[in-house]
Amino acid sequence: MRKIFSAILVSTLVLTGCATVRESRVNPFNWFGSARSEPIARAEVNTNPLIPQSSGLFSSARKEQPAYAGRPFDQVTDLTIDRIPGGAIVRATGLAARQGIYDVQLTPANPDELPVDGVLTYRLEGIVPTQNTAIGAKPTREVVAGRKLTNQMLAGVRVIRVEGQRNALTARR
């Protein structure tokens, strides 16, 4: 009887320890951790936008997708990563400077959507309407955008970063 009681007691302590330890890699609720705010450092790019980047025999034959005219959101207020079978869903909540921004999406920072030094970076962007709109209260300017990532896309990723105009939020594994 004492051996069974001891085994139950030890297993109970181990299981409750997984839920309370924040940095445990065993606990699936802590796989990415909580989001942290970081300041944005802007770098100047010295490329000429008038010179086309692609060249080759069949480059003009490719169908080009229309360019996304979105601009970064003023602020990223929340970042959550939800594990799903086969990958994860990245959800970012942003706060716009004014109402009326539409077609919101998480745009990859690099065109291949590959991690750079273990960091997968996205920008929270939306299209600003051409007419003037009201600034409005904070709840009317909040939007949520999501993006599904597969396990193959998450291979080698240690940090997911979502950038806005004034800040960036990161979630670590």
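Reply: The secondary structure of the protein comprises 3 helices and 9 strands, where helices (H or I, at least four residues) and strands (E, at least two) are DSSP runs numbered from the N terminus. The model is predicted: local features need pLDDT of at least 70, side-chain atom pairs count only at pLDDT 80 or more, and totals for chains, interfaces and linings use all residues. Residues are numbered from 1 along each chain as its sequence is written, and side-chain values use heavy atoms, with hydrogens and water left out.

From the N terminus on, the order of elements is α-β-β-β-β-β-β-α-β-α-β-β. The open sheet consists of 3 strands in the order β3-β4-β7, with antiparallel pairing; two strands count as paired if DSSP finds at least two bridges between them. Its edge strands are β3 and β7 (142-150), each of which pairs on one side only. From one strand to the next, the twist averages 20°, the axes being lines fitted to C-alpha atoms and the angles running from 0 to 180 degrees between N-to-C directions.

Strand β3 (residues 75-84) is joined to the antiparallel strand β4 (residues 87-95) by 9 bridges. Within this pairing, L79 lies opposite A92 of β4. The two strands β3 and β4 form a hairpin with 2 residues between them, and G86 in the turn has a positive phi of about 90°. Strand β4 also pairs with β7, in the antiparallel sense, over 9 bridges; here G94 has V143 in β7 as its bridge partner. In general, strands of a sheet pair through backbone hydrogen bonds, either parallel or antiparallel.
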